[in-house]
Structure formats: structure tokens, C-alpha cells
There are 2 protein chains.
Amino acid sequence: MPARSTTDQERARIARAAIDSIARRGETITRFMLATELNMPRARMEALFEDDDALFSAVVDEWYREDADFMAQLAQSDLPVRRKMYEFYVQRYRRERARYDADPAAFALFLELGTAKFELVRGYIELADHHLVEIIAEAQAEGYFAGLSLDRALTLINQMVICYTSPQMMLTIDHRLAEDKLAAIIDTIFAGLYGDQGTASGIHTLRQA
Amino acid sequence: MPARSTTDQERARIARAAIDSIARRGETITRFMLATELNMPRARMEALFEDDDALFSAVVDEWYREDADFMAQLAQSDLPVRRKMYEFYVQRYRRERARYDADPAAFALFLELGTAKFELVRGYIELADHHLVEIIAEAQAEGYFAGLSLDRALTLINQMVICYTSPQMMLTIDHRLAEDKLAAIIDTIFAGLYGDQGTASGIHTLRQA
């Protein structure tokens, strides 16, 4: 990955300070409140972030930086494809889990802030989908997920694994989430997901049957 | 199912009125506010519901009555087991979907109220699990889900299908939910869920690999 400029590093440092401050205060923070907290000239803060959204955007970048780096690294790795998909999900789950366990209230607050500014988060969801599609294509080249388009496989897999990617699920069923269950779900997907099965539905009139 | 007493029928009628009123007002309602709305003596309301929780408990019963009746009926049916599991989920999903589509704000409000009084909702979640376990046992008798305990199969299936049972998911990804996707997920579960696969995980040190 390209080296970051000094200015980018300063933005990242301030974004990390914003994350800490938001978690501590229990509410979001403006550029100028943060400048005061950090004992930093307002003019410097304004030069780095043109508005509060720019600061929050940097916060989102910090939140997802490790995941984004990991996903890019994973795509280049020569792991077996099933294992690759498992790592794709479990590494993200572990990071989110650690954040949740460390401070559930702060985790809920960041979810709320991210939901309110969803357009700033969307890019990372799309990035994750992009890397997952690469893994799906690799699996299809090995014969898995036969008879399914990439988009179809993507949406079905995302839905079956949503317990391990959704912060809402972390907040509501955290005690039921476990890495070995995630592994069993990935195994089930690799063994059982393909097109043209079509026997679970078919008739839709049970009451008349 | 046993015939309901006149008093039970009156409670159910008032609970339905409470559901309508809560949806219309956008907030919960007490027994006495509801008595005023219905032009009904307070004493009669008190005789029927000993406190506001008793009223809300009747609201929960009304909310889930159709689902509970359907699940009991499904368990007795002679549908093929895979189809049975699909119907188990799709009928519930359709009912919730219809409620959500009719009034998303009211749907969100009932989720909030149910979360606040979760002990009143828990019984229905346990009832659904009870019926799902019956379906899983029937499937295992036919050779599906081999090598898994009932509890293990239950938790894995619940997690893979959570998009279609969780009201939080309805509120956040409603546009991605579809009956044919649910059918594909059930098919994947029947084709691919069994014990002792264990190859997705195994090593946990990708970065060192």
C-alpha cells in the first residue's frame, strides 16, 4: 500500500483521537470541540477537515482501515478458497467483537452515528462486497456455487452470514455468536449452495394442501 | 384449538384495539387511556387486565396468534420436511413483511416496545424454536443434518435464516429480502448442513501463513 503523506498521518491521528473522545463522551464531537480537547489551533483543524463531515469521514476510514488492508491482503493470498472465505468473515468478526466487548455502549453509539451518516460507510460495504465477489469467482472456478450468477451467490452468502457482519446482530445476539458456528456456516455454504435446487418452495398453498 | 371464553375474546378484541391505537398514536398506551378511547368503564378494563403489562401481554398474544396457530398446524401436516421448513419461515416472513410494508414506523415502534418488554416476547421465540426442533428431528430421521445435535442444528439454522425472522433486519435490509432467496437458503441448509466438515477454519494464523 502507498506510503501516507504527513498530512494524511495527522488526519488519521486526529481521527483516532476523535474515536476515543466520542467513546468517552458518549456522543459525537465537532471539529472545534475536538481542537479544544487536543489543544490544537482551530485554523489547523479547519485546514485538515473542511467540515464536521470530513472529520467523521476520517473516523470511518480509521474504523475500517485494518479490515480494508486485511481484505486486500487476503485476496492476494494463496489460501484454499474455502479457508479464504472463512478468514474474510472471521477476521472482521473478531475485530468488531473486540470493540463490542471492550465497550458495548460506545459500540452502539458508533453504530448509531454510522447509520445516520450511512453514505460515508457505504463505500466500505461496497469494498467488502467487491472482495467477496473475487472469492466467489475463485470458488466457482473450482466448481463451487454452480449455476449461480456472482450477484446471486453474493446476496445469498451475505444473508446467511449476516449474524457475523451486522452490528445490529452483535448488539442483540452477541452471546449466541461463536467462531466455530461461523466456520460451520461457511462449510454449509460450500457444500450446499448451488443453483437449480428449487424444491423447498414450489407450491405456496399449504393451508389448502 | 380449544374454544376461547367470552372473556378471552373480549381481551383479544381490546388487544387488537390497542395495536391499532398504538400504531395510530405512534406511542404505547395505558389501560386507562385505552378505556377512554374505547368509551369503556375503567372498572371493566381493570377487571380484564390487572395492570398495563397484562394489556401489553395480550397485545403480544394477538401479534403472534396467527403464527402460533400456523406453526402448530404445520407440525401436524404431512408436507415433505424440506418444504415444511420453508413454510415455517416464509409464512412468518410474509406476515411480518405485510405489517412492515403497511406501516414501517409502526413496525419500528412495536419492535421497540417488544425489546423493552422482552420477557413477554420470549415465550413466542421459545415456541418457534420448539416447533423448529420438531422439524429438524423429522429431517434427521430422513438422513439430513447428520452428525449434529438438535441444539447445534437449531442454532446454526436460526443464524443462517435470521434475515427472514429478525425485525431489525426487516428495518435495515428490507429491499434485499425475497421469498426465492429464503427458499435458496433453506435448500442450501438441507444440501450442505452436517457435522464433521471442519475445513473452513483449522488454522488461525493467516498473517503468518
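**Salt bridges, helix packing and aromatic pairs**

I start in chain B, where B:Glu96 and B:Arg99 both lie in helix 5 (residues 81-102), 3 residues apart, about one turn of the helix. Helices here are DSSP runs of H or I with at least four residues, strands are runs of E with at least two, and both are numbered from the N terminus. Before going on, the conventions: this is a predicted model, in which local features need pLDDT of at least 70 and side-chain atom pairs count only at pLDDT 80 or more, while totals for chains, interfaces and linings use all residues. Residues are numbered from 1 along each chain as its sequence is written, chains are lettered from A and ligands numbered from 1 in the order in which they are written, and side-chain values use heavy atoms, with hydrogens and water left out.

Back to the pair. B:Glu96 and B:Arg99 meet through their side chains in a salt bridge, 2.9 Å from N to O. The term salt bridge means a side-chain nitrogen of Lys or Arg within 4 Å of a carboxyl oxygen of Asp or Glu. B:Glu96 is buried at a relative accessible area of 15%, and B:Arg99 is partly exposed at 23%. Buried is under 20% relative accessible area, exposed is over 50%, and partly exposed is in between, with a 1.4 Å probe and protein chains only.

How many salt bridges does the structure hold over all chains? The count is 38. One of them joins B:Arg44 to B:Glu10, with the closest N and O atoms 2.5 Å apart. That pair links distant parts of the chain, since B:Arg44 is in helix 3 (residues 42-48) of chain B and B:Glu10 in helix 1 (residues 6-25) of chain B, 34 residues apart. B:Arg44 is partly exposed, at a relative accessible area of 34%.

B:Asp52 also forms a salt bridge, with B:Arg31, and here the closest N and O atoms are 3.6 Å apart. This pair too links distant parts of the chain: B:Asp52 belongs to helix 4 (residues 52-76) of chain B and B:Arg31 to helix 2 (residues 31-38) of chain B, 21 residues apart. Are the two partners buried or exposed? B:Asp52 is partly exposed, with a relative accessible area of 35%, whereas B:Arg31 counts as buried at 10%.

B:Arg31 comes up again around B:Glu46. B:Glu46 is found in helix 3 of chain B and counts as partly exposed at 43% relative accessibility. Leaving aside neighbours within four places in sequence, B:Glu46 is in contact (heavy atoms within 4.5 Å) with B:Arg31 and B:Phe32.

In chain A, a network of salt bridges links A:Arg24, A:Arg25, A:Glu27 and A:Glu37.

Next, the aromatic pairs. A pair of aromatic rings is described by the distance of the centres and the angle of the planes. Rings of Phe, Tyr and Trp (its six-membered ring) pair if their centres lie within 6.5 Å; planes under 30 degrees apart count as stacked, over 60 as edge-to-face and the rest as tilted. There are 16 such pairs over all chains. For B:Tyr93 and B:Tyr164, the ring centres are 5.1 Å apart and the planes at 80°, so the pair is edge-to-face. B:Tyr93 lies in helix 5 of chain B and B:Tyr164 in the loop between helix 8 (150-160) and helix 9 (167-173) of chain B, so the pair ties together parts that are 71 residues apart in sequence. Both are buried: B:Tyr93 at 3% and B:Tyr164 at 4%.

The rings of B:Tyr144 and B:Phe190 have centres 4.8 Å apart and planes at 80°, so this pair is edge-to-face. B:Tyr144 is partly exposed at 26%, and B:Phe190 is buried at 5%. In chain A, A:Tyr144, A:Phe145 and A:Phe190 form one aromatic cluster.

Last, chain A as a whole. Its secondary structure comes to 10 helices and 0 strands. Of its 209 residues, 47% count as buried. The C-alpha atoms of chain A fill a box of roughly 70 × 45 × 30 Å along the principal axes.
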